[in-house]
Amino acid sequence: MPEDRMEKIVSLAKRRGFIYPGSEIYGGFSGFWDYGPYGIELKNNIKQLWWRMFVQEREDMCGVDAAIIMNPEAWKASGHVAGFADPLVECTKCKRRFRADQVGDTCPECGGSFGEVRQFNMMFSTQVGAADGALSYLRPETAGGIFANFKNVVDSLHPKLPFGIAQIGKAFRNEIAPRDFVFRSREFEQMEIEYFVRPGEWEAAFEEWREQVHAFNEAVGIPRSLVHEIEVAPEDRAHYSKRTIDFEFDFPFGRKELYGLAYRTDFDLKAHAQASGADLTYLDESSKERFLPHVIEPSFGVDRTVLALLSAAYAEDDLGGESRTYLKFNPAVAPIKAAVFPLLKNKPELVAKAREVYAMLKKSVPQVMWDDNGNIGKRYRRQDEIGTPYCITVDFDTLGEKPELKDTVTLRDRDTGRQERVALAEMIARVAV
Ligand code: GAP
């Protein structure tokens, strides 16, 4: 992988409207990023695919959308207020702060020595209410809102074990050292599942979800060859976990965690039951037994999925004697599925026909774009850079200049640059995969 690959990806992401530095006109704000017009389409495609695959297409899953700010007692019970911390060191000379596990013995900025390592809690706190604002927190994981609604979901839907509750939403961590673009930021999005099982059945569920993580990667187009499973050592696991597998990805800056899969036992339900006084046991209708279900948790970062897809899709080649950059996204996640062009912009009959084709296609595929800026070559390059799988050109043959080609268009493939003449119905079928 070329050394400047990451800079090229960050630069393309900004130039082409995927991801911008947060608050950029004020000089930025470390650890915060804004998604632009194509970034939000890409992100929504990822989230919709995940939700369809893990919630809508399964009978044993349902979703919630809980509040980001919860009663602070919930975060005390979950162990986050006391223990959700990273080791921090401060340089005695320049006072800069670093994560102790990411630096050596001396300050990388000035060579000074470090003071004592201390634990820095990553919870963002906030004041709730006008009078003497009560201290609360922005959630550091979406899981909390799922556990807090376990009883509500059981009481309203009466699901049979095993079943899972899914949630997609923002999470916040006051990271000591946000870095590597959207890989480690202070505000990010998670897609999480808490899958509740009978205590003796956790291993089978763990294996099933291990497979499902790979199935999701395949569906979005993250190559299997770039994903590596790591069994996390007991001393490195989160406080609630008895087994964790990290799914690492070969990012341009190294092999790093993409997703996690954890066996959280009954740690959370037990802790919330004790702290809240609510009965969170589950009554098994068949055995008439009451117990606290155990939990398998697959946790996916949306932003890391975006970054993995950008890294895997970024490509450069020579096409027709010209060098180009393109994103070879899987069509399922591509922000724009096809772009429609009139061959010439100053021929009203061509423009009218191209508009007709565009409107027809947009009815079955909403993520279609109109483009009549510059010449065809420029339009191709622009679409290649945002990863559009197909470009469709309406020309004089579409209008019937050669009668046998009436109502056909040229369909150009992003990866090969090859063009084919296809009838309108076939063009729609090819784009609407
Ligand atoms: N509920 C379990 C949990 O939150 P985690 O390993 O701390 O576990 C899960 O986070 C996933 O969330 C990670 O695998 C990653 O994809 C994403 N994630 C965590 N911290 C992040 C950060 N600072 N920036 C971007 N994504 C992050």
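Asp246 stands opposite Gly260 in β13. The strands involved, β12 (residues 243–251) and β13 (residues 254–265), pair in the antiparallel sense over nine bridges; pairing requires that DSSP find at least two bridges between two strands. Strands (E, at least two residues) and helices (H or I, at least four residues) are DSSP runs numbered from the N terminus. The model is predicted: local features need pLDDT of at least 70 and side-chain atom pairs count only at pLDDT 80 or more, whereas totals for chains, interfaces and linings use all residues. Residues are numbered from 1 along each chain as its sequence is written, and side-chain values use heavy atoms, with hydrogens and water left out.

**Sheet**

- Seven strands form an open sheet with mixed pairing, in the order β3-β9-β10-β16-β13-β12-β11.
- β3 (61–63) and β11 (227–231) stand at the edges with a single partner strand each, so one side of each is left without a neighbour in the sheet.
- Neighbouring strands of this sheet are turned by 25 degrees against each other on average, direction ignored.

**Helices across the sheet**

- Helix α6 (residues 150–157) lies across β3, β9 (163–172) and β10 (187–197), where contact means heavy atoms within 4.5 Å.
- α6 runs at about 140 degrees to β9; axes are lines fitted to C-alpha atoms, for helices over the stretch in contact, and angles run from 0 to 180 degrees between N-to-C directions.
- Helix α7 (residues 202–220) lies across β3, β10, β11, β12, β13 and β16 (294–301), at about 150 degrees to β13.
- The buried residues of α7 include Trp202, Phe206, Trp209, Val213 and Val220; buried means under 20% relative accessible area (1.4 Å probe, protein chains only).
- Gly221, which follows α7, has a positive phi near 100 degrees.

- Strand β7 (residues 125–128) pairs with strand β8 (residues 134–137) in the antiparallel sense over four bridges.
- Ser125 stands opposite Tyr137 in β8.
- Five residues lie between the strands of this hairpin, in which Gly129 takes a positive phi near 100 degrees.

**Ligand surroundings**

- Of the 20 residues around the ligand, Glu141, Arg173, Glu192, Glu257 and Leu258 come nearest; a residue counts as near if one of its heavy atoms lies within 4 Å.
- Glu141 places a polar side-chain atom 2.5 Å from a nitrogen atom of the ligand, a polar contact being a pair of N or O atoms within 3.5 Å.
- A polar side-chain atom of Arg173 lies 2.8 Å from an oxygen atom of the ligand.
- A polar backbone atom of Ser185 is 2.8 Å from a nitrogen atom of the ligand.

Terms used:
Buried means under 20% relative accessible area, exposed over 50%, partly exposed in between (1.4 Å probe, protein chains only). A polar contact is a pair of N or O atoms within 3.5 Å; within protein, one must be able to donate a hydrogen and the other to accept it, and residues adjacent in sequence count only if both atoms are side-chain atoms.
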